[in-house]
Each structure stands twice: as C-alpha cells, then as structure tokens.
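Q: Could you take me through one part of this fold in detail, and then show me how that part sits in the whole?

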Amino acid sequence: TLQLIPWGKPVKVAKDPFTGQFTPDGRFFLSSNWGRNFGAGIKTLAQRLPTTRGTVSVIQLAATNTPADRARHRVVSTAIADNSPESLAISPDGSKVVTVNMRGTLFPPNSPRFTRQASLSLMTLDSISGKLTKIDDYPFEGILPEGAAFDASGNGLAVAVYDYFTPKPEGGIEFWQVIHQPKPKLQRTGYIMDIDRGVHQVLVAR
C-alpha cells in the first residue's frame with residue numbers, strides 16, 4: 001500500500017526554509033530560505049521580515065536504496081540570493097537556479113523599507129558536486145512576485161507577479177530570456193501576459 005515514511009534525519013539549513021525542489025536527476029534538494037523572524041514579541045511586518053538577504057541551500061541526498069535508518073543527507077553548498085526569496089525554479093537540465101525575491105515591494109510606500117523593484121537571482125548548479133554559484137540579481141518593477149518556471153528548453157523563464165504599480169496590468173506573467181553564453185544571464189523580454197491581481201504560481205506543462 002502507498003505510504004510515506006521518514007527517510008533519514010531532518011537536515012538543518014539556513015533560517016526559515018520556505019520552498020524547495022528536487023533537481024531533475026533527484027540527487028539534490030534545494031531549499032529557498034526566506035529568513036523571517038517568528039520570535040516571541042514580533043508584532044509588525046517590519047519586525048517579521050528580514051533586513052538581510054536570503055539564501056539557497058543544496059542538500060545532497062543519500063543513495064535511493066539506502067535504508068531509512070542509515071540515510072544521511074547533508075548540505076553541500078549555500079549561496080546568497082536577494083531579500084525575501086519566496087520561491088525558486090530549477091532548469092530542466094538542472095544547471096540553472098532562479099529565486100524570485102520580493103525585496104521591499106510588500107511594504108507601504110511611506111515605509112523606509114519600501115522599494116518599487118523586486119528581483120530575480122540567477123545561480124548555476126554543478127550537477128556533480130552540488131556547488132551553487134551566484135551569478136547576479138536582476139531588478140524589475142513589480143509587487144510581490146511569487147513564483148517562476150523554466151520552459152522545456154531551459155531558454156525561457158515565466159515569472160508570476162502578484163501586482164503592479166500601474167493600473168494595467170493588475171497582475172501578470174512576465175517572460176524572461178535565459179542567455180547561456182558567454183556567461184549565463186537573464187534578460188527581460190518586456191512581454192507581460194495580463195492577468196487579474198493576485199497571481200501566485202506558474203507551471204509549465206511539458
């Protein structure tokens with residue numbers, strides 16, 4: 001019968017792991033660590049949300065045939081993203097990782113921590129060692145970007161943006177191009193699919 005059982009012991013990553021994904025080959029699990037403060041006495045949004053950048057942790061998994069009581073998973077790499085990385089996406093070949101960072105777009109405009117720009121962080125992942133290397137941050141104007149997905153070729157990226165500062169679009173799916181050579185980078189195409197305010201996640205059917 002189908003059942004779920006713990007496989008090895010929990011793995012400690014950085015503060016406040018929020019979302020995660022397995023790499024396509026199943027050798028690693030990546031965790032996007034937001035870093036929010038859930039301590040006692042926290043009463044305001046400004047106190048809750050981090051002032052420092054979040055991280056991404058790479059966990060190397062034990063061999064799939066390892067018994068549950070002997071499985072040892074371990075963090076093999078950690079890279080710094082940008083402020084408030086709410087989600088991540090992994091390319092189909094497992095070589096690229098993108099985090100979607102809200103930055104200060106969720107604060108009211110009169111807050112000293114308010115920013116009009118969110119960002120995407122691009123990283124490369126070594127499929128053998130699991131080493132994660134930060135390439136760059138790519139700012140863009142939008143409120144609370146929530147999720148992203150690579151297309152089947154790994155040459156395109158769709159990003160779900162909750163809201164914008166302009167009346168239209170209210171919310172949208174933005175399309176970015178993934179440049180591979182001579183150095184990996186992201187390039188905004190400028191094309192936005194207009195969707196009602198509140199879009200959270202995007203999935204690509206392959």
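Predicted model: local features only at pLDDT ≥ 70, side-chain atom pairs only at ≥ 80, totals over all residues.

A: Happy to. Beyond its neighbours within four places in sequence, Val98 is in contact with Ser87, Leu88, Ala89, Leu120, Ser121, Leu122, Phe150, Leu157 and Leu186. One of these, Leu122, is the bridge partner of Val98 in β7. The strands β6 and β7 run antiparallel and are joined by 6 bridges.

Stepping back to the sheet, we find an open arrangement of 4 strands in the order β5-β6-β7-β8, paired antiparallel. On average, neighbouring strands here are turned by 20° against each other, with direction ignored.

Now for the packing. Val98 is among the residues with the most contacts inside the largest nonpolar core, a group that also holds Leu120, Phe140, Leu157, Val159, Trp176 and Leu186. That core has 17 residues. The elements giving it two or more residues are β6 (96-101), β7 (117-125), β8 (132-141), β9 (143-150), β10 (156-163) and β11 (171-179). There is also a second, separate core of 12 residues, which includes Ala79, Ala81, Met123 and Leu132.

Is Asn33 buried or exposed? Its relative accessible area is 2%, so Asn33 counts as buried, the cut-off being under 20%. The side chain of Asn33 makes a polar contact of 3.0 Å with that of Ser57. Not counting residues up to four places away in sequence, Asn33 touches Val13, Ala14, Lys15, Asp16, Pro17, Gly54, Thr55, Val56, Ser57 and Pro85.

Finally, the whole chain. The protein chain has 1 helix and 12 strands, following the pattern β-β-α-β-β-β-β-β-β-β-β-β-β along the sequence. Its radius of gyration is 18 Å, close to the 17 Å given by the globule rule for 206 residues, so the chain is as compact as a globular protein of that length. Along the principal axes, the C-alpha atoms of the protein chain fill a box of roughly 55 × 45 × 40 Å. Of the 206 residues, 44% are buried. Among contacts in the protein chain with a separation of 6 or more, 52% come from residues 24 or more positions apart.

Note on methods
Residues numbered from 1 in each chain as written. Heavy atoms only, no water. Buried < 20%, exposed > 50% of the residue type's maximum accessible area, 1.4 Å probe, protein only. Polar contact = N/O pair within 3.5 Å; in protein donor to acceptor, adjacent residues only side chain to side chain. Contact = heavy atoms within 4.5 Å. Core = buried A, V, L, I, M, F, W, Y, C linked by side-chain atoms within 4.5 Å. Pairing = 2+ DSSP bridges. Axes fitted to C-alpha atoms, helices over the stretch in contact; angles between N-to-C directions. Rg over C-alpha atoms; globule rule 2.2 N^0.38 Å.
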